[in-house]
Amino acid sequence: MARGVMLMSGGIDSPVALHYLLRQGHEVVAVHLDNRPFTDDSPLGKVVDHLTLLRTRYHQPIPMYVLPHGPTQVTLMRNTDRHVGCVLCRRFMWRSAERIAEREGATFLATGEALGQVASQTLTNMRTATAAVHLPIVRPLIGFDKHEIETVAKEIGTYEISTRPGVCCQAVPDRPATRSNLIQILGEEQRLDVDQMVDDCVRRAVVL
Amino acid sequence: MGAAVDRYRTLRLCANGGGYEAVPNREDRVDLPRLRDALAGSGVEVVDARVMLIARLEAETTISQRGRILIKTPDVALAQRTLARLLGVLDTVSASGSARSSRSG
């Protein structure tokens with residue numbers, strides 16, 4: 001079985017995707033990109049509780065890295081086209097996750113993405129976002145619909161945690177791009193010191 | 001301080017139930033740099049993300065360029081107090097903006 005890094009948001013999907021990876025016997029390291037001050041404390045609390053539940057269920061330690069993503073969002077908002085903000089945000093999340101994977105000796109990245117659920121999860125945007133990294137990406141829920149995911153979440157006990165009150169991400173633009181173009185995205189990133197931004201984020205990681 | 005209070009008549013729980021949104025009756029562009037300076041001048045910590053400000057008032061509050069306000073607390077009384085304070089600052093900003101434009105006009 002392989003060792004992978006899973007992006008955990010606190011939402012309904014990521015703990016279900018993690019459940020499938022653990023059920024198959026993979027070793028998983030969780031990474032949470034902490035979006036404060038564009039969210040409140042609730043996503044972090046939800047991820048902590050998801051992992052507590054799944055650690056007990058699968059008798060796995062599941063280390064958790066918390067990375068500060070708010071400063072990255074501020075830099076993106078100040079310097080790039082808001083329309084493609086979600087794709088740029090995802091590219092930074094993937095890059096940071098890949099750095100943690102290198103540190104942890106992981107050979108794949110994983111996410112709870114399901115096709116077409118939100119603006120960042122169109123096929124075009126997924127392709128543009130993941131072009132920033134090299135490791136293979138596993139998406140256990142890619143063909144699931146929301147109802148199927150919620151049914152499993154209720155079965156494994158993560159649904160109640162995911163649906164606790166919280167504040168939506170305030171960094172999402174009013175009209176996010178659903179068809180991003182890699183050339184445009186690379187142009188936007190030329191205005192940024194990408195490596196430095198990822199370094200700053202990963203250096204301040206906290207392991208829980 | 002009437003103007004801002006009149007613009008914001010709706011305070012509603014946000015979709016995920018973690019905070020309250022104050023929605024202006026009509027969307028006007030907020031002069032975020034001046035609001036940032038006014039808040040900072042009154043000792044409030046502010047994150048300036050260019051298209052929005054995040055102010056550490058009684059409850060942390062996001063103010064968008066189009067005037068939408070999100071107060072990150074599920075406590076309605078705290079949200080109302082926070083909004084009242086913010087609207088007071090917004091009025092100060094609007095008043096000094098009007099005075100400046102009438103001088104330059």
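Visitor: Does H1(A) pass H2(A) in a left-handed or a right-handed crossing?

Guide: In this predicted model, local features need pLDDT of at least 70 and side-chain atom pairs count only at pLDDT 80 or more, while totals for chains, interfaces and linings use all residues. Residues are numbered from 1 along each chain as its sequence is written, chains are lettered from A and ligands numbered from 1 in the order written, and side-chain values use heavy atoms, leaving out hydrogens and water. A crossing is left-handed if the near helix is turned anticlockwise from the far one by less than a right angle, and right-handed if clockwise. For H1(A) and H2(A), the crossing is right-handed.

Visitor: What is the relative direction of H1(A) and H2(A)?

Guide: The axes (lines fitted to C-alpha atoms over the stretch in contact, with angles from 0 to 180 degrees between N-to-C directions) of H1(A), residues 13–23, and H2(A) come within 11 Å and cross at roughly 20°. Angles under 35 degrees count as roughly parallel, so H1(A) and H2(A) are roughly parallel.

Visitor: How many nonpolar residues does the contact of H1(A) with H2(A) have?

Guide: Contact (heavy atoms within 4.5 Å) involves, among others, A:Leu18 and A:Leu22 of H1(A) and A:Leu51 and A:Leu54 of H2(A). By class, two residues are polar and two charged, and the number of nonpolar residues is six.

Visitor: Which residue in S6(A) stands opposite A:Val66?

Guide: Strand S6 (206–207) of chain A is one of the edge strands. Two bridges join S6(A) to strand S3 (residues 64–68) of chain A, and these strands run antiparallel. Opposite A:Val66 stands A:Val206.

Key:
Pairing = 2+ DSSP bridges. Helix = DSSP H or I, 4+ residues; strand = E, 2+ residues; numbered from the N terminus. Parallel < 35°, antiparallel > 145°, perpendicular 65-115°, else oblique. Nonpolar A, V, L, I, M, F, W, Y, C, P; charged D, E, K, R; others polar.
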